[in-house]
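This report walks through one protein chain, from its overall layout down to single residues. Keep the sequence and the model side by side while reading.

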Amino acid sequence: MSLWQRISDFLTTGYAVQARPPTAASAGTESDTTRSRKEDGMAHAVSMTVNGKECSGEVEARMLLVDFLRDRLGLTGTNIGCDTSQCGACTIMMDGESVKSCTTFAVQADGSEITTIEGLATNGNLHPLQQAFWDEHGLQCGFCTPGMIMAGVGILKDNANPSEEEIRHGLEGNICRCTGYQNIVKAIQSASISMKGAA
Ligand code: FES
Ligand code: FES
């Protein structure tokens, strides 16, 4: 795989190498574990719209939304970094708000509208934020990138013309271990300009 293909994968799906096929549960058949939990009365039915598609399943009350997205739906672009709401690698949009899916239960997302990094590009065209991360080299290793982009979506949804200070404040919950913040901020500034131009 070429370097540019790898960069494109970071921007559109996170770590492509993490991709795993949907489990039996996501394919509409129940695993033994799910079946036994259901028999124990521990399973909860959830349904939500994820990247424009209706998704449903049976989950334990304690199942995290990030695990539902990754393990049940195969949407592995949403990464798990800390599992304690500190790094932002798991950021998604839920009903129009950027949310850390490692500290949200799947049952809390029942009935909601979810967008993950895989749902941003349309018809093969990068979302303006994905394009800006590409253009401004807003990524190094790429692990934080899906969460950074989804946090950027939230920042620009609330404020189409954020100052540098407001962008940095908006990214406080997202950590880049490569310390690539300068170009990440530049990318969000660039996207705010291109999105205004397109509006
Ligand atoms: S994995 Fe959710 S904030 Fe770190
Ligand atoms: S680009 Fe490596 S953690 Fe941010």
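The model is predicted. M148 touches F133, L171, N174, I175, C176, Y181 and I184, leaving aside residues up to four places away in sequence. Apart from the core there lies another, with 17 residues. M48, F68, V99 and A106 are among the members of that other core.

The largest nonpolar core has 22 residues. L129, F133, M148, L171, I184 and I188 have the most contacts inside it. Three helices each supply at least two of its residues: α4 (128–135), α5 (145–158) and α7 (181–198). The largest share, seven residues, comes from α5. As a general background, nonpolar side chains in soluble globular proteins tend to be buried together.

## Overall layout

The chain holds seven helices and five strands. Read from the N terminus, the order of elements is α-α-β-β-α-β-β-β-α-α-α-α. Of the 199 residues, 42% count as buried.

Contacts between residues at least 6 apart in sequence show how the chain folds back on itself: 62% of them join residues at least 24 apart.

Five strands form an open sheet in the order β2-β1-β5-β3-β4, with mixed pairing. Which strands stand at the edges? They are β2 (53–60) and β4 (97–100). Each has a single partner strand, so one side of each is left without a neighbour in the sheet. Neighbouring strands are turned by 40° against each other on average, direction ignored.

β1 and β2 run antiparallel and are joined by eight bridges. T49 has E54 in β2 as its bridge partner. The two strands form a hairpin with two residues between them. In that turn, N51 has a positive phi of about 50°. β1 (residues 43–50) also pairs with β5 (residues 113–115), in the parallel sense and over two bridges. Here V50 has I114 in β5 as its bridge partner.

## Helices against the sheet

α3 lies across β1, β2, β3 and β5 and runs at about 75° to β1. Six of its eight residues are buried, so α3 is largely enclosed by the rest of the structure. The buried residues are L65, V66, F68, L69, R70 and R72. Just after α3, G74 takes a positive phi of about 70°.

α5 lies across β3, β4 and β5, at about 40° to β3. Twelve of its 14 residues are buried, so α5 too is largely enclosed by the rest of the structure. Among the buried ones are T145, P146, G147, M148, I149 and M150. A151, G152, V153, G154, I155 and L156 are buried as well. How does the length of α5 compare with what 1.5 Å a residue predicts, and what is the distance between its end C-alpha atoms? The 14 residues should span 20 Å, and the end C-alpha atoms are 20 Å apart, which agrees.

## Loop residues

T78 is found in the loop between α3 (65–72) and β3 (91–94). Is T78 buried or exposed? Its relative accessibility is 2%, so T78 counts as buried, the cut-off being under 20%. Not counting residues up to four places away in sequence, T78 touches V66, L69, R70, A89, C90, I92, S101, T116, I117 and E118.

D95 is in the loop between β3 and β4. Its phi is near 50°. D95 is partly exposed, with a relative accessible area of 49%. N123 is found in the loop between β5 and α4. Its phi is positive, about 50°, although N123 is not a glycine. N123 is exposed, with a relative accessible area of 79%.

Definitions and conventions: Residues numbered from 1 in each chain as written. Chains lettered and ligands numbered in written order. Predicted model: local features only at pLDDT ≥ 70, side-chain atom pairs only at ≥ 80, totals over all residues. Heavy atoms only, no water. Core = buried A, V, L, I, M, F, W, Y, C linked by side-chain atoms within 4.5 Å. Buried < 20%, exposed > 50% of the residue type's maximum accessible area, 1.4 Å probe, protein only. Helix = DSSP H or I, 4+ residues; strand = E, 2+ residues; numbered from the N terminus. Contact = heavy atoms within 4.5 Å. Pairing = 2+ DSSP bridges. Axes fitted to C-alpha atoms, helices over the stretch in contact; angles between N-to-C directions. Expected span 1.5 Å × (residues − 1).
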